2 protein chains.
Amino acid sequence: MSLEALARSGGHQPRGDPFVFGRGGEEMISLAGAGVRFRIIPSVTAGLGALTTSWIPSTLRGLNQAIILVTGHAADKTVDWNALARTRQPLVVYMALRNLSSIAEALQRGGLPADTPAAIIASATLENQRVMVSTLERVAADAQREQMTAPAILVVGDIVRVREEVLSLCAGS
Amino acid sequence: MSLEALARSGGHQPRGDPFVFGRGGEEMISLAGAGVRFRIIPSVTAGLGALTTSWIPSTLRGLNQAIILVTGHAADKTVDWNALARTRQPLVVYMALRNLSSIAEALQRGGLPADTPAAIIASATLENQRVMVSTLERVAADAQREQMTAPAILVVGDIVRVREEVLSLCAGS
């Protein structure tokens with residue numbers, strides 16, 4: 001059911017952050033053009049929710065000054081992985097599994113070291129969430145071996161190391 | 001009160017997304033080291049909440065493939081605005097007012113056109129939210145003239161244009 005039809009039937013549509021790789025912008029334009037009243041309610045986007053439930057901080061002083069949310073499945077245009085790699089800031093890649101191998105290779109060609117920490121978070125924030133920690137060089141093979149399935153987020157950068165540090169601190173206490 | 005002291009007193013601490021420029025990572029490490037039990041609850045980060053309540057989509061097909069959250073007030077290290085500008089992806093700058101003029105200049109030196117749309121969103125998501133739309137070249141002067149005050153988010157990129165489009169569609173219906 002389209003949002004327009006849903007609105008006309010009196011319904012509403014709650015879900016993560018519709019503006020982050022969720023076609024919320026296109027739907028907003030369509031609703032405004034159709035004269036349908038709407039309100040957009042901020043909610044947690046999957047990529048950032050995945051970090052909080054995996055003990056991977058989006059930002060940590062000394063490690064990074066930015067966090068980049070990017071689609072792994074650009075329908076309309078190729079992502080410039082080179083330019084993203086050169087920022088040296090961590091990446092949170094949505095819909096990461098299908099092109100995982102080529103994304104990991106492109107980021108290495110862009111200058112990120114092969115041993116850059118990389119994590120896959122599947123079914124983020126849900127009860128069946130699974131987290132797999134690897135490196136940029138090995139993440140595609142590891143994800144296949146561990147049978148990680150969509151929906152899945154890829155996190156690339158030194159912020160991933162914090163998870164291990166926190167887990168080991170918790171285990172030791 | 002530190003989070004550790006708060007936890008020991010039986011309290012809890014709700015707030016946006018503590019992991020996005022909120023020292024949540026540092027506090028998590030400190031709590032884990034102190035043996036304090038904690039849970040991190042995902043919530044809406046100010047920058048993305050600001051976009052939803054301003055009718056500026058984080059992503060729009062054809063316009064961008066990524067969205068970059070970055071601090072305008074890096075305590076520890078200079079932000080590489082050049083590298084960020086070269087991604088040609090929109091930027092959401094937290095704590096943007098203090099260094100607004102130098103940030104806008106750095107992004108233009110990095111190759112962003114002077115007429116790149118730039119918006120300031122003050123007191124985002126609150127009842128007294130104010131949105132000001134300008135360009136990279138004029139945003140610092142405009143923000144001063146309009147007396148925009150902290151807390152404020154700077155949004156840079158073509159996604160800002162969508163707000164005007166939606167407002168004009170709504171006005172016409």
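Student: Which residues are buried in α2(B)?
Tutor: The buried residues of α2(B) are Gly24(B), Gly25(B), Glu27(B), Met28(B), Ile29(B), Leu31(B) and Ala32(B). Buried means under 20% relative accessible area, exposed means over 50%, and partly exposed lies in between (1.4 Å probe, protein chains only). Please bear in mind that this is a predicted model, in which local features need pLDDT of at least 70 and side-chain atom pairs count only at pLDDT 80 or more, while totals for chains, interfaces and linings use all residues. Residues are numbered from 1 along each chain as its sequence is written, chains are lettered from A and ligands numbered from 1 in the order in which they are written, and side-chain values use heavy atoms, with hydrogens and water left out.

Student: How much of that helix is covered, then?
Tutor: Helix α2 of chain B, residues 24–33, is mostly covered, with seven of its ten residues buried. Helices (H or I, at least four residues) and strands (E, at least two) are DSSP runs, numbered from the N terminus. Just after α2(B) comes Gly35(B), which has a positive phi of about 75°.

Student: And which residues are buried in α2 of chain A?
Tutor: In chain A, helix α2 covers residues 24–34, and its buried residues are Gly24(A), Gly25(A), Glu27(A), Met28(A), Ile29(A), Leu31(A) and Ala32(A). Gly35(A) follows α2(A), and its phi is positive, near 75°.

Student: Back to chain B. Where does Arg8(B) sit, and what is it in contact with?
Tutor: Arg8(B) belongs to helix α1 of chain B, residues 3–8. Its relative accessible area is 57%, so Arg8(B) is exposed. Apart from neighbours within four places in sequence, Arg8(B) is in contact (heavy atoms within 4.5 Å) with Ala34(B) and Val36(B).

Student: How many helices and strands does chain A have?
Tutor: Chain A has seven helices and five strands. Along the sequence they follow the pattern α-α-α-β-α-β-α-β-β-α-β-α. The C-alpha atoms of chain A fill a box of roughly 55 × 40 × 35 Å along the principal axes. Of the 173 residues in chain A, 49% are buried.

Student: What share of the contacts in chain A join residues at least 24 apart?
Tutor: Counting contacts between residues at least 6 apart in sequence, 61% join residues at least 24 apart.

Student: Is Leu136(A) buried or exposed?
Tutor: Leu136(A) is buried, because its relative accessibility is 0%. Leu136(A) lies in the loop between β4 (130–135) and α6 (139–145) of chain A. Beyond its neighbours within four places in sequence, Leu136(A) is in contact with several residues, among them Ala104(A), Leu107(A), Thr116(A) and Val156(A).

Student: You mentioned Thr116(A). Where is that one?
Tutor: Thr116(A) is in the loop between α5 (100–109) and β3 (117–122) of chain A. Thr116(A) counts as buried because its relative accessible area is 8%. Leaving out neighbours within four places in sequence, the contacts of Thr116(A) are Ser134(A), Thr135(A), Leu136(A), Val156(A) and Gly157(A).

Student: New topic: how many salt bridges are there over all chains?
Tutor: There are ten salt bridges over all chains. A salt bridge is a side-chain nitrogen of Lys or Arg within 4 Å of a carboxyl oxygen of Asp or Glu. In general, side chains of opposite charge can pair when their charged atoms come close.

Student: Which residue forms a salt bridge with Asp142(A)?
Tutor: Arg138(A) does, with 3.9 Å from N to O. Asp142(A) is buried, because its relative accessible area is 7%. In chain B, Arg138(B) and Asp142(B) form a salt bridge whose closest N and O atoms are 3.9 Å apart.

Student: And which residue does Arg145(A) meet in a salt bridge?
Tutor: Arg145(A) meets Glu146(A), at 3.2 Å from N to O. Arg145(A) is exposed because its relative accessibility is 55%. Glu146(A), with a relative accessible area of 34%, is partly exposed. Salt bridges that share partners join Arg138(A), Asp142(A), Arg145(A) and Glu146(A) into one network.
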